[in-house]
Amino acid sequence: VRSLSTADEIRTCEYALFDDTDGKTAVQINDEPEEGPWEIDAVIRGGEGTNYDRDFRIVLTFPGDWPKRPARVRIKGILHHILLMDGNEPMPVFYHPQGTYAPSNTEGTYDIMTCLKAVHGFLSAPLKWPEGSMSPLQEREIARQWEEAAASDAERHEIISKYRNDVGAKHNALFEAADSKVLPRAWFDAEFARVVLDGEGDADAIRAMVKEECTGAYSFPFVTKEFSDMVIEEAEHYQQSGLPVRRPNSMNAYGLILNEIGLEGLMDALQQQAFLPVSRALFPAEVACRFDAHHSFLVHYEIGHDLGLDMHTDDSDITFNTCLGKEFEGAGLTICGVMGEEGMRKLRHVYSHVVGRCLVHLGRHRHGADDITKGERLNLICWNHNYLWRKSSPYKTLTLPDETEPPDAQCLSFTHDRDHPNAKPSAWYPPKRSEVRFDKRV
């Protein structure tokens, strides 16, 4: 067990703590903080001799009525496992009392060791299913898929190890920071380091530091040329190593996922020490109260490769987009409205990237990368996820208001918008139930 979160910290996200299967609270909130809920961070090693035979970081959330109910489990970081759902939480069958997560005693209560052992079992062998729930054929197929996922997870870990230990990193300082979670101040703009890293997250000071580019989008001085150059050079070094390269997302063909080359720990540190304080100062508490995970990657724009990116929203709760270099012309960022709000397809601002400066906005904020006209642009992007917010009713029941005026041309997406002149067959917006016909487009 590495650390403990108090009930007061969890209460900042109290609004989102509910069980979406029956509408009841999944984490009981007690009047006295010492009575829970509370969380522990722990490190569990998978089954010896299996493809999960390494350390995994987990979070156990103990409800206010624990030990009558078991702690809820979440895996931190990337894990390939057949029984993980969105949010890195095991499927509900994991908690079935006849399975791996059985009560500690005949009274039906759960002690801490029982909870930890259940996670170890989850990472040691295919899940024990409740008696009579699966046929032998189904159990064999699940066991096969469990082994396949475990082998995929081990392969990913082996690639990371091979790059660092066999190929050799170009800038060991990046990996040392990933291991230690200590961020050298020389990597950061002096004002940012003073206000955010050393300023205990004072919201007023952070709001005074940032520039509001438009409603809901802010920029601020972030990293130095030293840090920018190191990250770019490390990415280029990895891409020349011959090791597998996973592209950042479904839209960018060029770039690199930093979590896949051993720098997940570095991005963990940036997320918790840099991005979270800024988010709490700028965005609503329900979205910014905590960050549980991230998808962090580089995007690369250059003539002859990716020139720009169609208008879109991110699979992110809050996005941090930092320009690292190199020299370029064009390649701005067109910012429109926010999905779920009026004016989603109305132009708000065109942002010009500046090396070392970071732009932050909600993932639901529609935006697109304008074409580059000269040079190369590389940006470090971190999609931050708050899993409690993603369980909440406001997140899951987002409604799209009807449009009351024509969209701006700059805000149309050929990927997503059915009314784009060159719309793809899969385009879906506006939804048919709320499609508005404007005279100019009839």
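**Reading the contacts**

Modeller: Let us begin with charged pairs: a search of the whole structure, which is a predicted model, finds 29 salt bridges.

Colleague: What is the general idea behind such pairs?

Modeller: Side chains of opposite charge can pair when their charged atoms come close. In this structure Arg 156 is joined to Glu 260 by a salt bridge, with 2.9 Å between the closest N and O atoms. Arg 156 belongs to helix α3 (residues 136-168), while Glu 260 sits in the loop between β7 (255-257) and α8 (264-282), so the pair ties together parts that are 104 residues apart in sequence.

Colleague: Are Arg 156 and Glu 260 buried or exposed?

Modeller: Residues under 20% relative accessible area are called buried. Arg 156 has 8% relative accessibility and therefore counts as buried. Glu 260, at 12%, also counts as buried.

Colleague: Which residues are linked with Arg 156 and Glu 260 in a network of salt bridges?

Modeller: The network also includes Arg 57, Arg 246, Glu 264 and Asp 268.

Colleague: Where do the partners Lys 326 and Glu 236 lie in the chain?

Modeller: The side chains of Lys 326 and Glu 236 meet in a salt bridge of 2.9 Å, N to O. Lys 326 is in the loop between β10 (318-325) and β11 (328-330), and Glu 236 is in helix α7 (residues 225-239), so that distant parts of the chain, 90 residues apart, are linked. Lys 326 is partly exposed at 34% relative accessibility, and Glu 236 is partly exposed at 28%.

Modeller: A further salt bridge brings together the side chains of Lys 346 and Glu 405, at 3.7 Å from N to O. Lys 346 is found in the loop between β12 and β13 (349-351) and Glu 405 in the segment after α11; the pair therefore ties together parts that are 59 residues apart in sequence. Lys 346 counts as partly exposed at 22% relative accessibility, as does Glu 405 at 42%.

Colleague: Let us turn to the cysteines. What is a disulfide, in general terms?

Modeller: A disulfide is a covalent bond between the sulfur atoms of two cysteines. Here the count comes to one disulfide. Cys 336 and Cys 411 form it, with their sulfur atoms 1.9 Å apart. The angle about the S-S bond is -90°, and the link of Cys 336 and Cys 411 is left-handed. It connects distant parts of the chain, 75 residues apart: Cys 336 is in strand β12 (residues 333-338), and Cys 411 is in the segment after α11 (393-396). Both Cys 336 and Cys 411 are buried.

Colleague: How are aromatic pairs to be read?

Modeller: One considers the distance between ring centres and the angle between planes: under 30 degrees counts as stacked, over 60 as edge-to-face. The search of the whole structure finds 24 aromatic pairs. The ring centres of Tyr 52 and Phe 56 are 6.0 Å apart and the planes stand at 70°, so this pair is edge-to-face. Phe 192 and Phe 220 form a stacked pair, 5.5 Å centre to centre with 15° between the planes. Phe 192 lies in helix α5 (residues 190-197) and Phe 220 in strand β6 (residues 217-221), so the pair ties together parts 28 residues apart in sequence. Both Phe 192 and Phe 220 are buried.

How values were computed. Residues numbered from 1 in each chain as written. Predicted model: local features only at pLDDT ≥ 70, side-chain atom pairs only at ≥ 80, totals over all residues. Heavy atoms only, no water. Phe/Tyr/Trp six-rings, centres within 6.5 Å; stacked < 30°, edge-to-face > 60°. Helix = DSSP H or I, 4+ residues; strand = E, 2+ residues; numbered from the N terminus. Buried < 20%, exposed > 50% of the residue type's maximum accessible area, 1.4 Å probe, protein only. Disulfide = S-S within 2.5 Å. Salt bridge = Lys/Arg side-chain N within 4 Å of Asp/Glu carboxyl O.
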